[in-house]
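Q: I'm new to this one and have a few quick questions. Can you walk me through it?
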Amino acid sequence: MTGIDSSRAVSPVIGVILMVAITVLLAATAATFFMGFEGELSGTPTVAIEGEFAVDSGGHELAVEFTGGDVLARENVAIHVASAGCRGVGSVTDRYDLAELGVSGSTVAAGSQAQVTVGTVCPPAASRLDLSRTEVTVSWVDPGGDGTVLYRWRGPAA
């Protein structure tokens, strides 16, 4: 009877060893999977941006405000305004440094605000700004030259 009792204990021991091996294998696979993606995402900044559209005597205005996230170097952030209607001049499409749109300082952080107005994007001869068919994108360009769109705003008729 002694030999039968000792052989019954082998099955539970093998089961425990297999379960531990499977757990270690799954943990290693998951760690490799998640660690691999971390390297790809670490270079892209995370920011929260809001656009506030308004109409005043100079036409349309758009305030682009950085509300949170990473602190960025101002020279790495640009705003592209496509198809802005400047009355008396025509349509304007251009890329702007944040300093041209009223952002001071060398960094962009929560509370920084860029103004897309008739005075900042239109030539001096323009009397009003029409953003109804305009697309405004805020982009971040890393020192290596790769760019990422951080925020996109489209006018009401775009």
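Q: How many disulfides does a search of the whole structure find?
A: The search finds 1 disulfide, meaning a pair of cysteine sulfur atoms within 2.5 Å. Cys86 and Cys122 form it, with their sulfur atoms 2.0 Å apart. This is a predicted model: local features need pLDDT of at least 70, side-chain atom pairs count only at pLDDT 80 or more, and totals for chains, interfaces and linings use all residues. Residues are numbered from 1 along each chain as its sequence is written, and side-chain values use heavy atoms, with hydrogens and water left out.

Q: Why is the disulfide of Cys86 and Cys122 called left-handed?
A: Because the torsion about the S-S bond of Cys86 and Cys122 is about -80°.

Q: Which parts of the chain does the pair link?
A: Distant ones. Cys86 is in strand 4, and Cys122 is in the loop between helix 3 (118–121) and strand 8 (129–130). The two are 36 residues apart. Helices (H or I, at least four residues) and strands (E, at least two) are DSSP runs, numbered from the N terminus.

Q: Are Cys86 and Cys122 buried or exposed?
A: Both Cys86 and Cys122 are buried. Buried means under 20% relative accessible area, exposed over 50%, and partly exposed in between (1.4 Å probe, protein chains only).

Q: What does Ala84 touch?
A: Leaving out residues up to four places away in sequence, Ala84 touches Gly90, Ser91, Val92, Leu129, Asp130, Leu131 and Thr134. A contact means heavy atoms within 4.5 Å. Take Asp130: Ala84 and Asp130 are 46 residues apart in sequence, but 6.1 Å apart in space, C-alpha to C-alpha.

Q: New topic. How many residues are in the largest nonpolar core?
A: That core has 30 residues. A nonpolar core is a set of buried Ala, Val, Leu, Ile, Met, Phe, Trp, Tyr and Cys residues joined through side-chain atoms within 4.5 Å. Those with the most contacts inside it include Ile49, Val81 and Val138.

Q: Which element gives the most to this core?
A: Strand 4 does, with 5 residues.

Q: And what does Val81 touch?
A: Its contacts include Val92, Tyr96, Val116, Val121 and Val136, not counting residues up to four places away in sequence.

Q: Where does Ser112 lie?
A: Ser112 is in the loop between strand 6 (107–108) and strand 7. At 14% relative accessibility, Ser112 counts as buried. Among the residues Ser112 touches are Val64, Phe66 and Val103, again not counting residues up to four places away in sequence.

Q: Now the surface. Which residues form a nonpolar patch there?
A: Val16, Val20 and Val24 do, with about 270 Å² of accessible area together. Accessible areas come from the Shrake-Rupley method with a 1.4 Å probe; for residues, only the protein chains shown count as cover. Val16 sits in helix 2 (residues 10–41). Val16 is exposed, at a relative accessible area of 53%.

Q: Last one, the overall picture. How many helices and strands are there?
A: The protein chain has 3 helices and 10 strands. Along the sequence, the pattern is α-α-β-β-β-β-β-β-β-α-β-β-β. Of the 158 residues, 29% are buried. The chain exposes about 9,600 Å², with carbon and sulfur atoms supplying 58% of it.

How values were computed. Patch = residues over 30% accessible without salt bridge, like charges linked within 9 Å, V, L, I, M, F, W, Y side chains within 5 Å. Salt bridge = Lys/Arg side-chain N within 4 Å of Asp/Glu carboxyl O.
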